[in-house]
Amino acid sequence: MQLEADRLTCHRAGRRVLTDVSFALGPGEALAVTGRNGAGKSTLIGIVAGLIRADAGSVRATGTGERTLPESLHLVAHRDALKASLTAAENLAFAAALLGSAALAPDDALRRVGLPGAGALPVGYLSAGQRRRVALARLLVARRPLWLLDEPMTALDAAAQDLLGGIMAEHLAGGGLILAATHAPLPLDGTRELRLGAP
Amino acid sequence: MMRVFAALVRRDLAIAVRVGGAGGLGLVFFLMVVTLIPFALGPDLNLLSRIGPAVLWIAGVLATLIGLDRLFQADEEDGSLDLMRLSPAPLELVVLAKCVAHWLATGLPLALASPLFGLLVALEPAALGRTALSLLIGTPALAFTGAVGAALAASIRRGGLLIAILVVPLMVPVLIFGVAAADPANAGRDQALTILLALTLASGAVAAIGAAAALRGGGQ
């Protein structure tokens with residue numbers, strides 16, 4: 001698929017956070033959105049996901065087939081959408097059923113993010129980094145071409161960051177797209193950068 | 001579509017029955033209201049059995065309100081609602097599934113336990129059956145009506161009071177026809193029961209569309 005954002009402008013709480021932001025993203029490409037705190041990185045992710053409405057400008061996706069843009073993307077944001085009282089496997093199985101086009105089984109996805117055997121544990125018992133890994137495992141249980149990642153490396157240790165880099169590289173090699181808001185450089189080669197809030 | 005529906009119902013039921021869930025809370029609240037009324041009224045069994053169906057229904061309405069504020073708010077807070085917005089399944093289906101799960105966790109146990117609780121307010125055997133049946137048919141309408149309020153208040157912290165103010169007036173018709181259907185004096189004339197069933201079906205359709213519209217607008 002092909003993603004194109006054209007002159008996006010957005011106000012939040014009366015303050016302008018995005019001014020004329022444009023970018024294009026094609027198959028196999030990753031774009032790192034950077035900028036200081038409050039520069040509008042999460043807002044941009046939200047607009048692409050269709051959760052926030054832009055005041056001006058448009059986001060267009062082509063080549064998604066019969067699916068709409070929200071049905072073609074994964075979102076892993078600060079709020080990890082995990083239920084503390086359900087086990088990691090239950091959370092992932094639910095996400096797979098909800099999102100459709102199932103890929104890896106929950107236990108295989110957990111093994112892939114370095115949490116073998118965590119499937120039977122309630123997510124409430126996991127540490128922040130382990131929760132993050134479970135949220136990232138969601139990327140693997142349903143097949144969707146565009147990954148929207150908001151600070152994907154938060155709370156991840158060095159080993160997990162390497163794992164994430166491998167998973168992202170694999171996704172790009174398969175023709176996927178990644179849009180990531182991040183402070184730390186992504187563990188990927190050849191990432192383009194979109195700097196927000198630069199004077 | 002049915003897969004998404006089943007997955008949502010299964011998930012919400014699992015959350016309700018596990019530690020920290022609101023599953024048993026409504027039932028305990030129901031029991032408390034029903035047991036306190038006889039103490040307040042005194043030992044007049046005739047009076048008690050006359051107002052018994054009304055007591056059970058009022059307790060049912062109040063018990064439904066418990067946990068209603070968390071119906072969508074919990075999912076909004078932890079981002080699950082964003083996940084549901086990305087699903088190919090329409091939000092109307094999501095709302096319907098969450099209502100069904102809420103009813104299975106709160107309304108159904110209440111209706112099933114009502115014959116037992118009816119004994120505490122000296123109901124006649126005929127009234128026991130009719131009250132249970134009216135609760136079984138009417139409590140889904142309470143859950144559906146409540147869902148619209150819950151969806152409107154999903155992104156408001158401590159929206160519980162607002163939800164109660166919004167939905168209790170809308171629950172009054174259900175209460176009126178529910179109590180009428182439970183009245184053993186109406187045996188043989190089932191207009192009230194029919195209207196109650198109509199209210200449940202109509203509120204189901206309205207709630208799915210209304211609550212989904214509220215959730216779409218609420219997406220920041």
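With which side chain does the side chain of Arg133(A) make a polar contact?

Author: Happy to. First, a word on how to read this: the model is predicted, so to speak of local features pLDDT must be at least 70, side-chain atom pairs count only at pLDDT 80 or more, and totals for chains, interfaces and linings use all residues. Residues are numbered from 1 along each chain as its sequence is written, chains are lettered from A and ligands numbered from 1 in the order in which they are written, and side-chain values use heavy atoms, with hydrogens and water left out.

The partner you asked about is Asp157(A), whose side chain is 3.3 Å from that of Arg133(A). A polar contact here is a pair of N or O atoms within 3.5 Å; within protein, one must be able to donate a hydrogen and the other to accept it, and residues adjacent in sequence count only if both atoms are side-chain atoms. Arg133(A) sits in helix α4 of chain A, residues 128-141; helices (H or I, at least four residues) and strands (E, at least two) are DSSP runs, numbered from the N terminus. Arg133(A) counts as buried because its relative accessibility is 13%, where buried means under 20% relative accessible area, exposed over 50% and partly exposed in between, with a 1.4 Å probe and protein chains only. Beyond its neighbours within four places in sequence, Arg133(A) is in contact (heavy atoms within 4.5 Å) with Val113(A), Gly114(A), Leu115(A), Leu156(A), Asp157(A), Ala160(A) and Leu163(A).

Elsewhere in chain A, strand β7 (residues 177-181) has five of its five residues buried. Leu177(A), Leu179(A) and Ala181(A) point one way from β7(A), while Ile178(A) and Ala180(A) point the other way. Two strands pair if DSSP finds at least two bridges between them. Strand β3(A), residues 30-34, runs parallel to β7(A) and is joined to it by four bridges; strand β6(A), residues 146-150, is also parallel to β7(A), with five bridges. Leu179(A) stands opposite Leu31(A) and also opposite Leu148(A).

Now to the partner chain. In all, 25 residues of chain B are in contact with 24 residues of chain A, and the two chains bury about 2,300 Å² between them, 59% of it on carbon and sulfur atoms. Buried area is the accessible area (1.4 Å probe) that two parts lose on being put together, summed over both. Four salt bridges are found across this interface, a salt bridge being a side-chain nitrogen of Lys or Arg within 4 Å of a carboxyl oxygen of Asp or Glu. Asp82(B) and Arg79(A) form a salt bridge through their side chains, at 2.9 Å from N to O. On the chain B side, the elements giving two or more residues are α1 (2-17), α4 (70-77) and α5 (80-85), and α1(B) supplies the largest share, seven residues. By class, that side has 11 nonpolar, five polar and nine charged residues; Ala, Val, Leu, Ile, Met, Phe, Trp, Tyr, Cys and Pro count as nonpolar, Asp, Glu, Lys and Arg as charged, and the others, Gly among them, as polar.

One residue of helix α4 of chain B is Asp75(B), which is buried with a relative accessible area of 1%. Not counting residues up to four places away in sequence, Asp75(B) touches Lys83(A) as well as Arg11(B), Ser80(B), Leu81(B), Met84(B) and Lys98(B).
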